[in-house]
Amino acid sequence: MEINSLWEWMAPGVEGLGQFAPAVAPIVAASAAWAAVRTLRLRTRVDHADQWWKRAEYAIKLLDSENQA
């Protein structure tokens with residue numbers, strides 16, 4: 001099967017998919033934006049937890065140290 005006959009076979013389907021592109025593009029963009037916002041929220045939560053743990057470790061080290069000042 002050569003390329004031209006393959007394209008002739010696929011052309012109606014490709015053109016049909018092209019009709020849905022304007023409707024699908026906003027859905028894809030909204031999905032990408034939702035994923036980005038969700039990732040940002042998760043990253044913020046992880047960063048806050050990390051900072052909390054660093055402060056807790058610092059406080060524990062201060063309690064355990066010999067220096068009372």
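**View 1. One aromatic pair, Trp52 with Trp53.** By the ring rule used here, the count comes to one aromatic pair. Trp52 and Trp53 form this pair, with 6.0 Å centre to centre and 35° between the planes, and the pair is tilted. (Rings of Phe, Tyr and Trp, the last by its six-membered ring, pair if their centres lie within 6.5 Å; planes under 30 degrees apart are stacked, over 60 edge-to-face, and the rest tilted.) Trp52 is exposed at a relative accessible area of 52%, while Trp53 is partly exposed at 44%. (Buried is under 20% relative accessible area, exposed over 50%, partly exposed in between, with a 1.4 Å probe and protein chains only.) This is a predicted model: local features need pLDDT of at least 70, side-chain atom pairs count only at pLDDT 80 or more, and totals for chains, interfaces and linings use all residues. Residues are numbered from 1 along each chain as its sequence is written, and side-chain values use heavy atoms, with hydrogens and water left out.

**View 2. Met10 in helix α1.** Met10 sits in helix α1, which covers residues 3-64. (Helices are DSSP runs of H or I with at least four residues, strands are runs of E with at least two, and both are numbered from the N terminus.) With 34% relative accessibility, Met10 counts as partly exposed.

**View 3. Ala49 and Gly16.** Ala49 also belongs to helix α1, and it is partly exposed at 45% relative accessibility. Follow the chain between Ala49 and Gly16, which are 33 residues apart, and you will find their C-alpha atoms separated by 49 Å.
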